Amino acid sequence: MAHRMRRTILAGAATALALALTTACTPDPAPSPTPTGFASEEDAFAAAEATYRAYVDAGNEARKDPTHQPTPDSFLTGKALTDSLEGQRLIEESGVHLVGGSTVQSVRLNSWEPEAAVITVCLDLTPVRVFNEDGVDVTPSSRGDVGILEVTVISAQPKPLIIQSQTGQGPC
């Protein structure tokens, strides 16, 4: 009987040990994937438009107050950021500065996929003037009053970012 009791205790202990080892070695369940990217065409367009409008607003405010936050560059990444920094460097080297703010006239969606949206933006540039160090308006007479840009916005965390901006075509 002692032998039987000892066998039962050992069997119970072995079962408990096996159960403990099984649960201890089982990895935690994988976290549920969180959706990344744009969920729909409407989501892509809304995010791209809001991001570009916020970028323009930040640029307009930075011309008034260079310490303004968020900075325009905080909406950029990749080629758009590189191009912006190079443009700022060229402006500083040439001794000119911009006065006035541009306004988004219209935005239309060209294409989208979960990772990125491409929009065409029409900007009213009329109020933006270029001044030299002497305060003389040197805005090129050939510059149009409307700028057309093709802008690519990527889905990124914590917010979408502009990755590319180039001269666009087409009507506004």
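Modeller: Leu 161 has its place in strand E6; strands (E, at least two residues) and helices (H or I, at least four) are DSSP runs, numbered from the N terminus. The model is a predicted one, in which local features need pLDDT of at least 70 and side-chain atom pairs count only at pLDDT 80 or more, while totals for chains, interfaces and linings use all residues. Residues are numbered from 1 along each chain as its sequence is written, and side-chain values use heavy atoms, with hydrogens and water left out.

Colleague: Why is Leu 161 called buried?

Modeller: Its relative accessible area is 16%. Buried means under 20%, exposed over 50% and partly exposed in between, with a 1.4 Å probe and protein chains only; Leu 161 is therefore buried.

Colleague: With which residues is Leu 161 in contact, leaving aside its neighbours within four places in sequence?

Modeller: Contact means heavy atoms within 4.5 Å. On that basis the partners of Leu 161 include Thr 51, Phe 75, Leu 76, Val 153 and Ile 154. Tyr 55 lies 106 residues from Leu 161 in sequence, with 9.5 Å between their C-alpha atoms.

Colleague: What makes E5 and E6 a pair?

Modeller: Two strands pair if DSSP finds at least two bridges between them. E5 and E6 run antiparallel and are joined by six bridges. Ile 154 stands opposite Leu 161 in E6, and a hairpin of six residues joins E5 to E6. E5 also pairs with E3, in the antiparallel sense over nine bridges; there Val 121 has Leu 149 of E5 as its bridge partner.

Colleague: What divides the residues of the lining of the largest pocket into nonpolar, polar and charged?

Modeller: Ala, Val, Leu, Ile, Met, Phe, Trp, Tyr, Cys and Pro count as nonpolar, Asp, Glu, Lys and Arg as charged, and the others, Gly among them, as polar. The lining accordingly divides into 19 nonpolar, 11 polar and five charged residues.
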